[in-house]
Amino acid sequence: MAIGVILRALKRRIDPNPKSQIFSLASASRSVSTLVLAEHEGGAVKAPSISAVEAAKSLGDDNSISLLLAGSGSSLSEAAAHAASCHPSVSQVLVADSDKFAHPLAESWAKLVHLVQQKGSYSHVIATSSSFGKNILPRAAALLDVSPITDVIEISSSHLFVRPIYAGNALCTVKYTGGGPCLLTIRSTSFPVSPLLADSKSNEAPISQIDLSTFGEDSIGNSRFVKVTSQDSERPDLANANVVVTGGRGLKNAENFKMIEKLAEKLGAAVGATRAAVDSGFVPNDLQVGQTGKIVAPELYIAFGVSGAIQHLAGMKDSKVIVAVNKDADAPIFQVADYGLVGDLFEVIPELLEKLPEKK
Ligand SMILES: Cc1cc2nc3c(=O)[nH]c(=O)nc-3n(C[C@H](O)[C@H](O)[C@H](O)COP(=O)(O)OP(=O)(O)OC[C@H]3O[C@@H](n4cnc5c(N)ncnc54)[C@H](O)[C@@H]3O)c2cc1C
């Protein structure tokens, strides 16, 4: 009976009805031109960067949107080709091809943004609120001597933005009154790209190489790339997954947390964790969801042994359907859950694993 509740939520996920969000178009009083900083991997622009283009679109009808990519070699060329057709609103793709950008170091990227901004006089520069954007944009803003506006979730006009404050408990409307370009980071989950739009190959924006002759050795800064360590996983990226299964301190240890991983595997879901689970060493901190972790908004978010502290809710409360399993009926997570089950996760998860079909 209790399991039936969760199975019904899973069914809803299989037949999702993604509502295409409509944002009020900006009543731009003057023309806008936007530089979007694009992150790419494996020869493709990452989905959150395409959401940044979607956000840029709401700055004004006449907005000319340039997508900036940096890197080197064939993966950059492939990503540039993808960038040219990834969204019909892209007007041009700018490519900085140099070994200096083989790894996205914030110092060199910030100087690149400064250079490109000076040449193109863009009214806006947008990046995502990912670690990529959060690293680069404030540095670029300092070089341009402007104040950035971060974590934007709604664009009301070309100079009016909404952003969450107090861990998402209040929304603040901010007017940009600066004289220079307006630099923004946006939450990609607030600017979903319609799958139809993302698949349309109707647009082929021109690709131009950036002249880096003035970009000297001193532009690289003091940091050096040493190595990247990542876990090879078939699982979807946490920030973009349709389904997220999260475990909290209720799992008790790393060994038990493997049940969450098994369940995620069966559902083709990403794994998330609370900060308490991360701090207790159950999983690495790149799985943390929340105010100081990743912000997610999947079709379905399932939380096991998660109390629902505001700092955790700040990262997942925009999920379309939230399912919570907790043995404490008064746990705050039930205040945001669409489906709540008061029960012991050590009984519920094994039962779910048994009843759910194998992933095809
Ligand atoms: C500045 C700041 C930033 C923070 N940022 C984040 C953040 O980004 N993300 C984040 O998650 N937290 C963050 N935190 C921490 C946050 O305040 C909470 O401490 C944390 O989210 C609690 O994690 P938890 O729910 O796993 O653990 P707990 O609060 O300990 O909850 C464990 C839950 O498991 C339940 N449980 C136990 N055993 C079982 C069982 N057998 N079956 C079912 N349920 C069971 C309990 O009833 C309890 O509700 C931040 C805190 C601060 C101060």
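**Figure 1. Y166 in the loop between strand 9 and strand 10.** In this predicted model, Y166 lies in the loop that runs between strand 9 (160-165) and strand 10 (170-175). Its backbone carries a positive phi, near 50°, although the residue is not a glycine. In general, most residues other than glycine have a negative phi. Y166 counts as exposed because its relative accessible area is 64%, and the cut-off for that class is over 50%.

**Figure 2. S121 in the loop between helix 4 and strand 6.** S121 is placed in the loop that separates helix 4 from strand 6, just after the end of helix 4. This serine, too, is a residue other than glycine with a positive phi, here about 45°. With a relative accessible area of 54%, S121 is classed as exposed. S121 is also one of the residues in contact with S33, which belongs to strand 1.

Figure 3. S33 is part of strand 1, which covers residues 33-37. Is S33 buried or exposed? Its relative accessibility is 19%, so S33 counts as buried; the limit for that class is under 20%. When neighbours within four places in sequence are left aside, the contacts of S33 are N63, S64, S121, Y122, S123 and H124.

**Figure 4. Strand 1 and its pairing partners.** Strand 1 is largely enclosed by the rest of the structure, because five of its five residues are buried. S33, L35 and L37 point one way from the strand, whereas T34 and V36 point the other way. Strand 4 pairs with strand 1 in the parallel sense over five bridges, and strand 6 pairs with strand 1, also in the parallel sense, over three bridges. T34 takes part in both pairings: I65 is its bridge partner in strand 4, and H124 stands opposite T34 in strand 6.

**Figure 5. Helix 4 and the elements that cover it.** Helix 4 comprises 15 residues, 106-120. From its first C-alpha to its last, helix 4 reaches 21 Å, close to the 21 Å expected at 1.5 Å a residue. Its buried residues are A106, S108, W109, A110, L112, V113, L115, V116 and Q117. Because an α-helix has 3.6 residues a turn, residues three or four places apart point the same way. Which elements cover the buried residues of helix 4? The cover includes strand 1, strand 4 (64-71), strand 5 (90-97), strand 6 (124-128) and helix 5 (131-144).

**Figure 6. The largest nonpolar core.** This core holds 61 residues, of which L37, L68 and L112 touch the most other members. Helix 4 supplies the largest share of the core, seven residues. In soluble globular proteins, nonpolar side chains tend to be buried together.

**Figure 7. The aromatic pair W109 and F132.** The model has three aromatic pairs. One of them joins W109 and F132 in an edge-to-face arrangement, with 5.2 Å centre to centre and 85° between the planes. The pair links distant parts of the chain, as W109 is in helix 4 and F132 in helix 5, 23 residues apart. Both partners are buried: W109 has a relative accessible area of 2%, and F132 has one of 8%.

**Figure 8. The aromatic pair F257 and F282.** The rings of F257 and F282 form a tilted pair, 6.3 Å centre to centre with 50° between the planes. Distant parts of the chain are linked here as well, since F257 lies in helix 7 (residues 254-267) and F282 in the loop between helix 8 (275-279) and strand 15 (300-304), 25 residues apart. F257 and F282 are both buried.

**Figure 9. The protein chain as context for the close-up views.** The secondary structure of the chain comprises 11 helices and 17 strands. Of its 360 residues, 49% count as buried. Among contacts between residues at least 6 apart in sequence, 70% join residues at least 24 apart. The chain exposes about 17,500 Å², and carbon and sulfur atoms supply 49% of that area.

Terms used. Residues are numbered from 1 along each chain as its sequence is written. This is a predicted model: local features need pLDDT of at least 70, side-chain atom pairs count only at pLDDT 80 or more; totals for chains, interfaces and linings use all residues. Side-chain values use heavy atoms; hydrogens and water are left out. Helices (H or I, at least four residues) and strands (E, at least two) are DSSP runs, numbered from the N terminus. Buried means under 20% relative accessible area, exposed over 50%, partly exposed in between (1.4 Å probe, protein chains only). Contact means heavy atoms within 4.5 Å. The expected span of a helix is 1.5 Å times one less than its number of residues. Two strands pair if DSSP finds at least two bridges between them. A nonpolar core is a set of buried Ala, Val, Leu, Ile, Met, Phe, Trp, Tyr and Cys residues joined through side-chain atoms within 4.5 Å. Rings of Phe, Tyr and Trp (its six-membered ring) pair if their centres lie within 6.5 Å; planes under 30 degrees apart count as stacked, over 60 as edge-to-face and the rest as tilted. Accessible areas come from the Shrake-Rupley method with a 1.4 Å probe; for residues, only the protein chains shown count as cover.
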